[in-house]
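The sequence and model come first.

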Amino acid sequence: METKALQADIKNGQLKRVYLLYGDERYLVSYYANALGEGCDKDVFDGNAPPAEIILAAEAFPFLAEKRAVYIRESKLFAPSKKDEGNATGKSNAETLANFLPNIPEDTILIFIETDVDKRVRLYKKVAEIGRAVDCAPLAAPDLSRWVMKKFREKGKTVAPAVAEQLMRFSAHNMTALVTEIDKLIAYAGQRPSIEAADINELCTPTLQTRVFDLLAAMGKGNTGNALTLYSNMLHMKESPFMILAMLIRQFRILLQCKCANDKKIPRASMAGEFGLRPFMIDEALSQAKRYTTERLVNALADCQDTDLRIKTGRVDAELGVEMLIVSYTL
């Protein structure tokens, strides 16, 4: 994997002359970008910067360090839909940079940071040929759990695997959110050496996505009381019933998509990429989808849309309408 090769580059100090960092886990994109440029002179270009300025910066000698890191953030030149009007040379901006890449000075590191990337474009292929194009995808659950425990150990705290997984669920496996919660828990624990589940329940607030997943789990198990308690708690935390309904629609749609894909024997990893979901969400959705027939999920989506229409046309109170929907689909 390219992430392993990137880690080896950084660890060994044998850096390529050009890197492209992209992917859904933006924490890793930022982490690797900072690691690649550590100790270097830095130049940063945002958006559609003229290639001539980027090349000029790349060709400049480092002044205060051995190397110069030139960052190009969100250039959009790796996305095929980008209209590239080119420059005075008659070449497109992407083509100009692609032609320059083999000539990057040895004391310069060019670092592209992008959101939208198409592997078919020439600039991508050139980066992959000369340097590394690295997809910073979300970590698998076991890897993320080890990372969480490592972050606590670095601050002199221990955490059991089950507690780490609880924190991961609260933060929807988002590493940026996890860093914030880890710092809060460390400060909260004070001199205490370990982090407990009670600390997470006391200090951390699960995302709306996590709470809606829990709500659907309670509905799927036929636990009406628990489902209504979860719904009441969300309202108490000032969540809008419109937002809760929108999330229910989204989650029912995910369950239906995953159930249909699973029936077609589509691998879970392929589902995550196709539906734009993190792997743990696929796992949870498939587990929940087992409790529903395909027909019932289709009906649930139709009833969600009908509830939305009745609320917006004033035929039912928003809080009551969502509550009735929850009761109807608690098995």
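Q166 sits in helix α7, residues 161–170; helices (H or I, at least four residues) and strands (E, at least two) are DSSP runs numbered from the N terminus. With a relative accessible area of 18%, Q166 is buried. Buried means under 20% relative accessible area, exposed over 50%, and partly exposed in between, with a 1.4 Å probe and protein chains only. Apart from neighbours within four places in sequence, Q166 is in contact with A197, I200 and N201, where contact means heavy atoms within 4.5 Å.

The model is predicted, so local features need pLDDT of at least 70 and side-chain atom pairs count only at pLDDT 80 or more, while totals for chains, interfaces and linings use all residues. Residues are numbered from 1 along each chain as its sequence is written, and side-chain values use heavy atoms, without hydrogens and water.

**Helix α5**

In α5 (residues 122–130), the buried residues are L123, Y124, K126, V127 and I130. They lie on the same side of α5 because they cover an arc of only 165° around the axis, the arc being that of the directions from the helix axis to the C-beta atoms. K125 and E129, on the other side of α5, are exposed. What do the buried residues of α5 pack against? Their partners are the strands β1 (18–22), β4 (108–113) and β5 (132–135), together with helix α4 (93–100).

**Pockets and cavities**

On a 1 Å grid over the protein atoms alone, a cavity is a set of points where a 1.4 Å probe fits but cannot get out, and a pocket is an open set with protein on both sides within 12 Å along at least five of seven lines; lining residues have an atom within 4 Å of a point. Grid points are joined across faces, edges and corners, and a volume is the space filled by probe spheres set on the points. For the classes, Ala, Val, Leu, Ile, Met, Phe, Trp, Tyr, Cys and Pro count as nonpolar, Asp, Glu, Lys and Arg as charged, and the others, Gly among them, as polar.

| Space | Volume | Lining by class |
|---|---|---|
| Largest pocket | about 820 Å³ | 13 nonpolar, two polar, nine charged |
| Second largest pocket | about 320 Å³ | seven nonpolar, three polar, four charged |
| Largest cavity | about 40 Å³ | five nonpolar, one polar, two charged |
| Second largest cavity | about 30 Å³ | six nonpolar, four polar, no charged |

The largest pocket has 24 lining residues, and K4, Q7, L28, Y32 and L139 lie nearest its centre. Helix α6 provides the largest share of this lining, seven residues. In the second largest pocket, 14 residues form the lining, with D24, P138, A272, G273 and L277 closest to the centre. Here α13 gives the most, four residues.

The whole structure has two cavities of 30 Å³ or more. Around the largest cavity are E25, P138, L139, L144, H173, M175, R278 and F280. For the second largest cavity, α3 (51–59) and α4 each supply at least two lining residues.

**Cysteines**

There are zero disulfides in the structure, a disulfide being a pair of cysteine sulfur atoms within 2.5 Å. For C136, the nearest cysteine sulfur is that of C40, 18 Å away. C136 counts as buried at 1% relative accessibility. For C304, the nearest is the sulfur of C260, at 16 Å. C304 is buried too, with a relative accessible area of 0%.
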